[in-house]
Amino acid sequence: MDILRGIRVVNLALNLPGPLAANRLARMGAEVVKVEPPAGDPMELYSAAWYREMAAGQELVRLDMKTQEGQTRCGELLADADLLITSNRPSVLTRLHISWETLHPRFTKLCQVAIFG
């Protein structure tokens, strides 16, 4: 099923909700880039098989979003993206310069799904 062919997704969400959503989008044909911190996604530590299943068919990029270099590289990924998936609190997104208010003026076609609770 390739109904999302041509759609590019950048997934910054860790653990389960974001990776599950990204996995479903990839299975529907979207191109998904999974961005993880340098230490990786904690899900890989507690369930390596599940992690591999959720990340299947996605490009993996490790970035330190706390650095200017990581934020610059993330911006490069977002320049061609249609959707950003995040799972951080709004204050963290602001601190990392990836809040909606920061990104929308730069990437006007970008949509964002924020999963937090």
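## Ground rules

Because the model is predicted, local features need pLDDT of at least 70 and side-chain atom pairs count only at pLDDT 80 or more, while totals for chains, interfaces and linings use all residues. Residues are numbered from 1 along each chain as its sequence is written, and side-chain values use heavy atoms, with hydrogens and water left out.

## The overall fold

Let's start with the big picture. The protein chain has 6 helices and 5 strands; here helices (H or I, at least four residues) and strands (E, at least two) are DSSP runs, numbered from the N terminus. Read from the N terminus, the order is β-α-β-α-α-β-α-β-α-α-β.

For 117 residues, a compact globule would have a radius of gyration near 13 Å, and the protein chain agrees, with 13 Å. That radius is taken over C-alpha atoms, and the globule rule is 2.2 Å times the number of residues to the power 0.38. Along the principal axes, the C-alpha atoms fill a box of roughly 35 × 30 × 25 Å. As for contacts (heavy atoms within 4.5 Å), take those between residues at least 6 apart in sequence: 68% of them join residues at least 24 apart.

Of the 117 residues, 41% are buried. Buried means under 20% relative accessible area, exposed over 50%, and partly exposed in between (1.4 Å probe, protein chains only). The accessible surface is about 6600 Å², and carbon and sulfur atoms account for 56% of that; these areas come from the Shrake-Rupley method with a 1.4 Å probe, and for residues only the protein chains shown count as cover.

On the charge side, there are 13 positive and 13 negative side chains, with the centres of the two sets 4 Å apart. Lys and Arg count as positive and Asp and Glu as negative, leaving out His and the chain ends. Each charge is placed at NZ of Lys, CZ of Arg, CG of Asp or CD of Glu.

## Helix α1 and its buried side

Helix α1 spans residues 17-27, and its buried residues are G18, P19, A22, N23, L25 and A26. They cover an arc of only 165 degrees around the axis, which puts them on the same side of α1. The arc is that of the directions from the helix axis to the C-beta atoms. In general, an α-helix has 3.6 residues a turn, so residues three or four places apart point the same way.

The cover over these buried residues includes β1 (8-11), β2 (31-36), α2 (42-46), α3 (48-55) and β4 (83-86). N23 sits in α1 and is buried, at 5% relative accessible area. Beyond neighbours within four places in sequence, N23 contacts E53, M54, A56 and Q58. After the helix comes G29, with a positive phi near 105 degrees.

E36 belongs to strand β2 and is buried, with a relative accessible area of 1%. Not counting residues up to four places away in sequence, E36 touches L14, D41, Y51, L60, V61, R62 and L63.

## Two positive phi angles

Most residues other than glycine have a negative phi. N15, in the loop between β1 and α1, has a positive phi near 65 degrees and is partly exposed, at 32% relative accessibility.

H97 also has a positive phi, near 65 degrees. H97 lies in the loop between α5 (90-95) and α6 (100-106) and counts as partly exposed, at 43% relative accessibility.
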